[in-house]
Number of protein chains: 2
Amino acid sequence: MTGSPRRKPRRRPNPAPTASIITGAKRNIPAYDLLQEEGLELIEARSEQLLQEVGVRFLEDPTALRLWQEAGADVQGDRVRFPPGLLHKLLETAPRQFRQHARNPARAIDVGGNNVVFGPGYGMPFVRDLDGGRRYGTYRDFENLTKLVYMSPWLHHSGGTTCEPTDLPVNKRHLDMVYAHLKWSDKPFMGSVTAPERAEDSIDMARLAFGTEFVDRNCVIMANINMNSPLVFDHAMSGAIRVYAAANQCPVIVPFVLGGATAPVSMLAAVTQAYSEVLVGCALAQLVRPGAPVIFGNFVTSVDLKSGSPTFGTPESALASYAAGQLARRIGLPIRCSGAFTSSKVPDAQSMMESVTALHASVLSGANFVLQAAGWLEGALTISYEKLVMDADYLGAMHRFLQGLPLEDESFAMDAFSEVGPGGHFFGCAHTLRNYETAFYDASLSDRQSFEAWSERGGEDMVRRANRKWKEDLRRYEAPPLDPGVDEALMHYMAQKKEALPDIWH
Amino acid sequence: MTGSPRRKPRRRPNPAPTASIITGAKRNIPAYDLLQEEGLELIEARSEQLLQEVGVRFLEDPTALRLWQEAGADVQGDRVRFPPGLLHKLLETAPRQFRQHARNPARAIDVGGNNVVFGPGYGMPFVRDLDGGRRYGTYRDFENLTKLVYMSPWLHHSGGTTCEPTDLPVNKRHLDMVYAHLKWSDKPFMGSVTAPERAEDSIDMARLAFGTEFVDRNCVIMANINMNSPLVFDHAMSGAIRVYAAANQCPVIVPFVLGGATAPVSMLAAVTQAYSEVLVGCALAQLVRPGAPVIFGNFVTSVDLKSGSPTFGTPESALASYAAGQLARRIGLPIRCSGAFTSSKVPDAQSMMESVTALHASVLSGANFVLQAAGWLEGALTISYEKLVMDADYLGAMHRFLQGLPLEDESFAMDAFSEVGPGGHFFGCAHTLRNYETAFYDASLSDRQSFEAWSERGGEDMVRRANRKWKEDLRRYEAPPLDPGVDEALMHYMAQKKEALPDIWH
């Protein structure tokens, strides 16, 4: 950070839309049960078999191996095999629901139960917009994206590595990213996982913002831990799990399961594998600190068997989401599910076809935390400014969807039928006047004008409208207040850390 | 028809993809139950109240009024009110499942139960393609679209008025449309509903193709009957219901329910109204001929309260689909549900965002017949050549989705885990080699190449790929054989009918 010029946001008369704080969606509709009891029991049984017979490797992490041996697992070399029942037993201490606090207390989120939290894309090296095309992400992009996420009422979580700020050294950029989340947003966020010491730095910075004691007693930072599927935790990943869990912070355990590549060419087997991997990661966190919050991460899709590339937003991955949601509910863990996934290189029809398929399945599967819910392109290689606001608009629709159809007398509108009668219209009737303002979700980027009106105003497709929207959002952005003492402490911490390390670029 | 030049399709060495006949998808996954018993009973009770207290008008149809009076309804002027239980009683004769035959017996479809049938867009005055933009539909377009629908293995039904052939007189074009369905396709199709005599013509032509006796005993033609919601059947519509039902053919009873305009500004009330309207239409068919096939048509969405325009692919309409599916299953009627709906003027991101939202809800709601499943743009004002093939590709994915996750030993792939072990990959293992060919749906229009490979090949978005696809499909098209005697009889019938009528253009 630091050194990158930062304009003072212009004051505008209109309050930002973020004035209305939405800290998560409430699910008032049932989750979809794809499988019956028999199927779920079969998956659980095959998972036990897999964990006992094949097991999992922990690469270069003697601490983890020692913990597993003490817990009663069968450890041979770096391979760990699990007796039936061990992981389920360990997971009894994992909370079914917990709160992640935010710098702004009003933005704390509840994870688990009937709560659904949306966060932006994660981990993209490239950014894209309609004007500049595709390019490596910079810290300026990272700041912009953090601000755009802050501006959307439908994104409750600031995310983590929303793009890789590739203009900063790879061993220091985590400091700048955590700083940006704390400085330019007041929503909950995620810390670094690329090395245990970077995880420590992230938590240290959270301590500066929240206070050391508060952090030890409360979750204030999450971490997205991708496994090296199949069935491997490398040192960085298991190390990060241990660091976050020890600090009572929340690792999200996410297998990277691609049927046909990192998993068998069958969704049922892929789900079974992913479930097994998640249990191991979440149980490790409980071994380190019983009661530490953990999240069951679901990332199951397939490869395109012609090109070897991963696929996204497919029917197979939607089915996997539904099964994973059921398994997570049975074991009582909050679940992270798939976001606005797509293989498309541009925010075109394919991108929304795939993203909506994934998101709809995620929401109906009972997801509690939907990271990657906005901005995705190109299998997470690129985050798009336009798609970020397009997806966020769709997440608003998902908020409405999750409300379901409340069975109130007013909703049956019997007085309207009596007033209007056959052949009339309901535009001006009393029931409409009482309810029209809140009746339907107003999708701001969906054009519903007539062809003629749309043509006269330039005939813009959704991407062009989104381009205007994110620019307008950045213009209207106002930074949430940050205690100057905290700001100074964060800056000081970063400066010290940066001075102590050489710059590493790859 | 006739007079429009018709090229003989070129013979190509490769068999058309339609060589593999798919006559419908089988649902191997449960439908989604949004509402609990309490909610469904409430809707049913309010519907009874609405039908008894407010009732329905039948405009200028003394026959229908007489039938209702004889059945025990309260008829005053053109208003019909229904005593509780009457409609449910009448609907006991409606088949829960029936077969619509096709000219090619192998393409017969089963409607109801676990069967899901997809058909194309219906009723669009405009067509659009990437080269020619938006223009009024012609009979040439109608033929092209019929051929494209024939070419897709994922569209089981040829539809009806896929576009309005506006270059033909409005009082004669139904003849040409029925002819085109019979000549250029051998899939099941729909007849005219715009006037009772045009409905009769449609059925007469079906008799020429299938034989009079066969038609009296079997369903060979469907008809999409849109109501004048709220709570009105005009003469054309109730007349068409009577004509089709009398001939033992299948009317699809479709309310046109837009919350805030033709229904109250509440989805629960809109669903209750639509349900009530459907019951009346389906029961009328049973009054005319007990046992005649009927379909519960669901078309419930809302208006944009800023512009007054209808909205499509919204969260509210998805919720309505789920509720309607449950109501249809309870009363034991096959259900037609929403298709690839969108307000977008072009096949952009908005279009697929909305279409997939509607289609996913339709498929999960338990839809048996999804008309409007391909080609939609602009609230059914325009059918797009590109979107037709894009949507059809997505319907292929829905076929895979409906298969669910079969619980077979082979699907658990335990041998693959033993073979590969932690940290390996599954590309070449025995289980993959046994299963890769059929494991995943191959979405032909979804690009999954790397950014570099995609860029080198022109960096096409989905619409450009779709443009090449439909042109290639038309080049590869081969007409299914039609008995020359039948062809001649159809031509003769049309010529006679046309000669007897003046040309009417509006």
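Visitor: Where does B:Pro230 lie?
Guide: In the loop between β11 (221-226) and β12 (232-233) of chain B. Strands (E, at least two residues) and helices (H or I, at least four) are DSSP runs, numbered from the N terminus. This is a predicted model, where local features need pLDDT of at least 70, side-chain atom pairs count only at pLDDT 80 or more, and totals for chains, interfaces and linings use all residues. Residues are numbered from 1 along each chain as its sequence is written, chains are lettered from A and ligands numbered from 1 in the order in which they are written, and side-chain values use heavy atoms, with hydrogens and water left out.

Visitor: Is the peptide bond from B:Ser229 to B:Pro230 cis or trans?
Guide: Cis, with omega near 5 degrees.

Visitor: And what joins A:Ser229 and A:Pro230?
Guide: A cis peptide bond, with omega about 0 degrees. A:Pro230 lies in the loop between β11 (221-226) and β12 (232-233) of chain A.

Visitor: Which phi does A:Asn248 have?
Guide: A positive one, about 65 degrees, although A:Asn248 is not a glycine. Its place is the loop between α8 (235-246) and β13 (250-254) of chain A.

Visitor: New topic. How many residues of chain A are in contact with chain B?
Guide: 113 residues of chain A, against 113 residues of chain B. Contact means heavy atoms within 4.5 Å.

Visitor: What area do chain A and chain B bury between them?
Guide: About 9,300 Å², with 73% of it on carbon and sulfur atoms. Buried area is the accessible area (1.4 Å probe) that two parts lose on being put together, summed over both.

Visitor: Which three residues of chain A supply more of the buried area than any other three?
Guide: A:Leu405, A:Phe440 and A:Arg448. They supply 9% of what chain A buries against chain B.

Visitor: How many salt bridges cross the interface of chain A and chain B?
Guide: The rule finds 8 there. A salt bridge is a side-chain nitrogen of Lys or Arg within 4 Å of a carboxyl oxygen of Asp or Glu.

Visitor: Which side chain does A:Arg400 meet in a salt bridge?
Guide: B:Glu316, at 3.6 Å, N to O. A:Arg400 lies in helix α12 of chain A and B:Glu316 in helix α10 of chain B, so the pair joins two chains. A:Glu316 and B:Arg400 also meet in a salt bridge (3.6 Å, N to O).

Visitor: At what angle do α12(A) and α10(B) pack?
Guide: About 35 degrees, with their axes 8 Å apart. Axes are lines fitted to C-alpha atoms, for helices over the stretch in contact, and angles run from 0 to 180 degrees between N-to-C directions. The crossing is right-handed. A crossing is right-handed if the near helix is turned clockwise from the far one by less than a right angle, left-handed if anticlockwise.

Visitor: Which residues make the contact?
Guide: A:Ala397, A:Arg400 and A:Phe401 of α12(A) meet B:Pro315, B:Glu316, B:Ala318, B:Leu319 and B:Tyr322 of α10(B). By class, that contact has 6 nonpolar, no polar and 2 charged residues. Ala, Val, Leu, Ile, Met, Phe, Trp, Tyr, Cys and Pro count as nonpolar, Asp, Glu, Lys and Arg as charged, and the others, Gly among them, as polar.

Visitor: Back inside chain B. How do α10(B) and α11(B) pack?
Guide: At about 15 degrees, axes 8 Å apart. That makes α10(B) roughly parallel to α11(B). Angles under 35 degrees count as roughly parallel, over 145 as roughly antiparallel, 65 to 115 as roughly perpendicular and the rest as oblique.

Visitor: And what angle for α4(B) and α17(B)?
Guide: About 90 degrees, with the axes 9 Å apart. These two helices are therefore roughly perpendicular to each other.
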